[in-house]
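This report describes selected helices and a sheet of one structure. Look at the sequence and the model before reading on.

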Amino acid sequence: MSKTVRAHGPATVANIGCGFDILGAALNCPGDVVTAREVDSPTVLIRKIEGDGGKLPLDPKLNSASVAVSAMLDALDRPCGIELEIKKQMPLGSGLGSSAASSVAALWAVNTLLDNPFSALELVPFAMQGEKAACGTAHADNVAPGLMGGFVLIRSSEPPDIITLSYPESLTFTVVHPHFELKTSDARRVLFEKIPLKYAIKQWGNAAALVAGLIKEDTDLISRSLEDFIIEPQRSTLIPGYNAVKEAALKAGALGCSISGAGPSVFALCESEGVATLAGEKMSAAFKAAGLSSDIYVSSVNAEGPLILD
Ligand code: HSE
């Protein structure tokens, strides 16, 4: 019988406010599960997708998971056929890194199936190909933390220069997902190509200070740095009730609050699970006042990244 491996790929919070396309963190929940099976014919196929309401492409050239696995197999000098089954366990177009969770789980399962020819870091460029298929841009700030775990800094994605960061263990995310879909491609299209120098200076000060705050475990510095002068003002108009949701998170004691990835989910970074839970409830109530129901995910930082399930 052909060998089968099942892997879990985590949800991720990309950007972390001030680090558009260069910072991300992995969550413990939610996440997608992908089963990979070696087959005789040297192709990559998607056998089935569950939990997507029929929205995701089964065409292996279009799905982030199969595109990533094909890129990986192309880099190996050995013919090999793979069949994938994808179980979506998170909303699509949510800002939780849904396409990345599937491609990370698929890559991890296939890498294990083939006796680990690649390290997590080496898998990142393949997963980036999956992102390109999903949203048109090969950004790494979901797939890199998804594969490597923890907080990740992308100094450069081409060629990849990716650094894992230490962070205070008590940090806990609340991610509140209002029930509507926002495609990453659409949320990227609204962004201006040019930014005023005065905002760029503030932004790179904050991004650098956020990295320093994480490494130094200085929660006051983390809190001061979680301010996005460039992307949030442009994208927040796409999220009904955004200002009230953010105010609710900060009032509940969050260190900071911003858009998770391309949105529409909003994250709050908190010093404890208690604060994160309260912030999530208050943020969800603020979304409700704006006419949107929502789901709340409270999660500590996932240090491991993907997981083999059996
Ligand atoms: N950095 C990307 C963006 C993340 O904000 O468009 C998308 O998940």
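On one side of helix α9, Asn 243, Glu 247 and Lys 251 are exposed, that is, over 50% relative accessible area, with buried meaning under 20% and partly exposed in between (1.4 Å probe, protein chains only). The model is predicted, with local features needing pLDDT of at least 70 and side-chain atom pairs pLDDT 80 or more, while totals for chains, interfaces and linings use all residues. Residues are numbered from 1 along each chain as its sequence is written, and side-chain values use heavy atoms, without hydrogens and water.

Helices (H or I, at least four residues) and strands (E, at least two) are DSSP runs, numbered from the N terminus. The buried residues of α9 (residues 242-251) are Tyr 242, Val 245, Lys 246, Ala 248 and Ala 249. Seen down the helix axis, they fall within an arc of 160°, so they line one face of α9; the arc is that of the directions from the axis to the C-beta atoms.

| Helix | Residue after it | Phi |
|---|---|---|
| α6 | Glu 217 | positive, about 55° |
| α9 | Gly 253 | positive, near 105° |

An open sheet of 4 strands has the order β8-β9-β7-β10 and antiparallel pairing, where two strands pair if DSSP finds at least two bridges between them. β8 and β10 (294-300) are at the edges with a single partner strand each, so one side of each has no neighbour in the sheet. Strand β7 (residues 172-178) is joined to β9 by 5 bridges, and Val 175 stands opposite Phe 267 in β9.
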